[in-house]
Amino acid sequence: MRLFLVLIFLFSIFTAHAADEVSVRLKWHHQFQFAGIYMAIEQGYYDAAGLDVQVKEYTSDLDNINDIVSGETDFGIAGPELVLNYLKGEPVVSVATIIQHSPTVIMAKKSSNIRSPHDLVGKKVMLGENPIINAMLINEGLHISSLDLVETTWDINELVNDEIDATEAYLTNTPYYLIKEGIPVVYINPITYGIDFYGDTIFTSREMAEDNYEKVMAFKNATLKGWEYALDNVEETVDHILRNYETSKTREHLIYEAETMKSLMLPKLVEIGHMNRGRWQHMANTYIKLGLAEDGYNLTYFLPETYSDHSHVYLRNTLAVMAVILTALAGAAIMLFMFNWRLKKSVEQRTEELTKEIAERKEAVAKMELFHEIFENSIEAISITDKDANIIQINNSFTEVTGYTEEEVLGKNPRILKSDRHSDEFYERMWNAINREGRWSGEIWNRRKTGEAYPEWLNIFCIYNQEGEIVNYVSAFHDISEYKDKEAKIKYQAHHDALTGLPNRFLINDRLEHAISHAQRVQKQIAVIFMDLDNFKRINDTLGHPMGDKLLQHVADHLKSLMRDEDTVGRLGGDEFVIIIEEIEEPAYLTSVCQRILDSFAEPVVLDGHELYISTSIGITYFPDDGKNSEELIMNADIAMYSAKERGKNNFRFFTGTMNEEMKRRHELETMVRKGLENGEFVPFYQPRVDTASGRVNGMEALARWFPEEGKMVSPAEFIPVMEETGLIVDLGRQMFEQSCEFVKRVEEETGKRLKVSVNLSPKQLERQELVPQMLSSVKRIGIGLDMVEVELTESDIMKDVDRTKDVLDRITGAGISVFIDDFGTGYSSMYYLKHLPIQGLKIDRSFINEIDSDQNDAAIVSTMIRLADGFRLRVVAEGVENETQASILKELGCYEIQGYFYGKPMPAEQFIEFIMNS
């Protein structure tokens with residue numbers, strides 16, 4: 001009887017009523033970029049929303065926008081070009097933004113020395129027709145014609161082989177191929193140059209939004225739920241893509257894509273699907289400035305909330321359909337009544353009814369027999385248990401996979417298959433999920449009758465009776481041993497040199513980064529030994545490459561025999577080897593290791609009757625002295641190795657600053673900065689902040705300036721990056737804070753005015769535990785009130801580590817010091833940190849003030865920011881006010897505190913005192 005119920009349940013699945021059909025077109029081939037759609041299907045979110053979603057494949061010759069607008073497909077996925085199509089008259093509607101920051105960048109090899117857009121002038125660059133890149137170039141005063149554009153083949157090997165200097169790239173995909181090969185790359189990111197566009201956005205047509213608004217919202221909500229699941233379960237999602245969709249990407253590539261997408265989606269900071277009207281306006285304005293669209297646009301019909309009022313159309317249609325159905329049902333009921341009355345009078349009709357019932361039962365039995373055949377011949381191993389988890393039936397595949405026959409398992413618990421690979425907590429979580437959600441699926445290790453453990457993909461679901469009680473459990477699984485073996489082999493091949501079996505460039509970098517992290521925790525040194533065989537080319541040329549390969553294999557085995565088990569010996573390529581030695585106690589140990597290597601090569605190597613004499617040149621670097629990461633350590637060790645070759649080969653050299661002029665120049669600037677800090681060459685300049693209502697100065701911002709003993713003032717753009725990199729910014733910040741507090745007291749003593757001072761904080765300072773105690777100590781020692789001091793952080797600085805930043809800001813504001821967000825509007829502008837971070841004010845970035853007197857959009861954005869701040873009870877300061885008109889507009893908009901050249905440039909202390917006295 002229970003088996004009959006199970007088969008009836010399976011039959012009901014196949015005959016279930018279909019939901020509303022909708023379709024979505026992918027913008028590219030199957031990959032993690034569309035994981036939210038895949039998992040919304042897999043987890044049943046679309047089913048729960050009453051939708052039957054059809055995924056349409058990417059087609060290169062198809063116009064993605066026209067496909068949706070024409071009604072051929074209901075939903076599509078587009079990049080930042082979506083709003084440009086809207087500006088050109090296409091009736092498209094944005095539904096939800098998936099990627100908050102466009103992944104489009106320009107990528108170059110680090111060895112190319114390309115670091116900014118200006119470095120691209122005259123270089124061979126592969127670019128598509130991408131307005132984001134064009135906008136960045138224009139912002140930097142460049143024209144795309146200044147680049148040597150090449151044909152867009154999108155072949156990454158052209159960059160690898162130095163046939164081109166740079167290429168347009170997608171952060172979630174293209175860099176993986178170079179990183180896998182261990183090739184260092186750099187990115188020119190438009191975000192750095194003020195072009196911060198949305199990435200992937202789900203969209204539909206205006207007709208769809210007007211006529212089917214509820215369906216649009218149902219699709220959106222289910223898809224976003226799918227994205228939440230995909231980001232929380234990356235590996236499960238990747239395995240699902242590999243099993244169910246044709247993709248050219250490996251598992252490692254998909255995981256890389258997933259992690260990169262997380263950094264662009266920011267799911268912990270910004271709600272998935274969040275869209276900002278002001279940001280769409282910013283994108284639209286950028287397209288207009290580029291000449292790609294005309295001004296005078298209105299985004300009303302581009303945003304989904306516009307169509308929320310159209311839901312009454314759907315409701316009206318639904319009610320009309322229901323009325324028709326009810327009318328039909330009423331008529332049918334009358335007819336059925338008459339028909340039944342007549343049936344009572346007709347013996348022949350009754351006989352026909354009984355005959356029909358018998359035929360239906362025969363048909364049901366035939367279908368049951370069919371499902372039984374499907375059950376027995378399924379390639380999936382299937383077992384069915386009763387409510388107490390005792391096996392009552394298995395199929396043939398179960399026996400093939402486990403080795404157990406039906407007689408051996410009937411009445412027994414499936415735990416007879418249990419291996420020792422999982423903890424009790426694992427099985428507890430699994431059964432909790434089954435009993436809570438009615439199903440569970442995942443990878444699990446079980447044991448065959450022979451005792452052999454094997455991996456399988458297991459699906460378990462519950463069968464319920466009419467009272468909602470569990471009566472059976474059904475398990476379906478298949479052996480994935482072959483897949484796991486292939487996966488392990490591919491992973492090994494991806495991380496090891498095919499010739500020698502040593503770690504390759506990718507694995508060397510990975511192990512070195514892990515070693516660096518460990519060394520930082522235990523405060524130990526790491527050494528990187530870079531080896532190159534002397535005159536190896538001569539052996540290849542004279543005895544052939546097969547002999548050269550054998551020699552490389554011999555050297556690999558020889559080096560492993562010389563080193564400790566915990567040391568890493570790897571091959572970068574060619575005749576170059578790298579050795580990583582951790583936890584070095586004495587420098588003398590490293591010297592002895594290198595000498596032992598040189599001495600070991602003194603004896604000839606005999607291969608296939610050939611007596612070969614080889615030697616090696618060695619370069620050595622230390623962490624942290626010679627590099628902060630694996631790339632720098634290996635690069636500088638390479639430089640030291642070439643220095644050893646220049647000194648006659650067959651010797652070793654430690655890396656020094658004289659080997660690299662660029663490092664020398666940087667070191668000189670660092671030295672000057674350190675001396676400048678010691679000699680008090682850094683002083684704050686003060687720029688006034690003015691109350692728009694009274695016109696009086698009520699505060700000032702402290703800005704660091706550097707006047708070396710010999711020479712002119714050095715721009716902050718030159719010394720701030722060096723100080724950030726070296727950590728000297730912490731000392732500078734402390735000096736600026738103390739001098740600013742002392743100046744507040746001086747202003748009050750000499751002018752009688754109590755003016756607040758605002759001091760900028762660096763992310764490096766937030767990492768120091770002593771920051772807040774030092775601030776409080778300085779304020780107390782100088783003798784001013786905590787309410788006279790404010791600190792500023794930029795949006796980007798906050799987002800580097802939100803949790804740590806919140807902790808520090810809690811302590812700062814808890815002590816009584818106010819916190820302002822600087823450059824507001826240029827970064828995330830997230831409601832999250834406005835709500836959750838302890839801040840007291842915002843400083844509107846000058847980019848929104850520059851054209852406030854001529855651009856209605858800027859005025860609207862600033863007005864929105866001010867109202868937003870009022871809603872959160874935050875103070876607002878407008879930066880970069882240059883003229884009286886701007887000041888008047890800001891006053892009318894309700895901004896009561898402004899700052900800019902219109903009132904005064906940053907000035908030294910004496911001049912600021914004079915300014916206050918005369919104002």
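**Terms and their grounds**

Analyst: The structure holds zero disulfides, a disulfide being a pair of cysteine sulfur atoms within 2.5 Å. This is a predicted model, in which local features need pLDDT of at least 70 and side-chain atom pairs count only at pLDDT 80 or more, while totals for chains, interfaces and linings use all residues. Residues are numbered from 1 along each chain as its sequence is written, and side-chain values use heavy atoms, with hydrogens and water left out.

User: Why is C895 called buried?

Analyst: Buried means under 20% relative accessible area, exposed means over 50%, and partly exposed lies in between (1.4 Å probe, protein chains only). C895 has a relative accessible area of 0%, and is therefore buried. C462, at 4%, is buried as well. Of the 919 residues of the protein chain, 48% count as buried.

User: What makes α2 and α11 roughly perpendicular to each other?

Analyst: Helices (H or I, at least four residues) and strands (E, at least two) are DSSP runs, numbered from the N terminus. Axes are lines fitted to C-alpha atoms, for helices over the stretch in contact, and angles run from 0 to 180 degrees between N-to-C directions. Angles under 35 degrees count as roughly parallel, over 145 as roughly antiparallel, 65 to 115 as roughly perpendicular and the rest as oblique. Helix α2 (residues 35-42) and helix α11 (residues 234-244) pack at about 85 degrees, with axes 10 Å apart; they are therefore roughly perpendicular. A35, Y38, M39 and E42 of α2 make the contact with E236, T237, H240 and I241 of α11, where contact means heavy atoms within 4.5 Å.

User: How do you know that α10 and α11 are also roughly perpendicular?

Analyst: The axes of α10 (residues 213-232) and α11 cross at roughly 105 degrees and come within 5 Å. The two helices are therefore roughly perpendicular to each other. Here Y229, A230, L231 and D232 in α10 meet V234, E236 and T237 in α11.

User: What makes a set of residues a nonpolar core, and which members of the largest one touch the most others?

Analyst: A nonpolar core is a set of buried Ala, Val, Leu, Ile, Met, Phe, Trp, Tyr and Cys residues joined through side-chain atoms within 4.5 Å. In the largest, of 65 residues, M700, I812 and L890 touch the most other members. Helix α34 (residues 856-871) gives the most to this core, with six residues. A second, separate core of 57 residues includes V24, V95, M107 and I202. Beyond neighbours within four places in sequence, L890 is in contact with residues including I849, V862 and C895.
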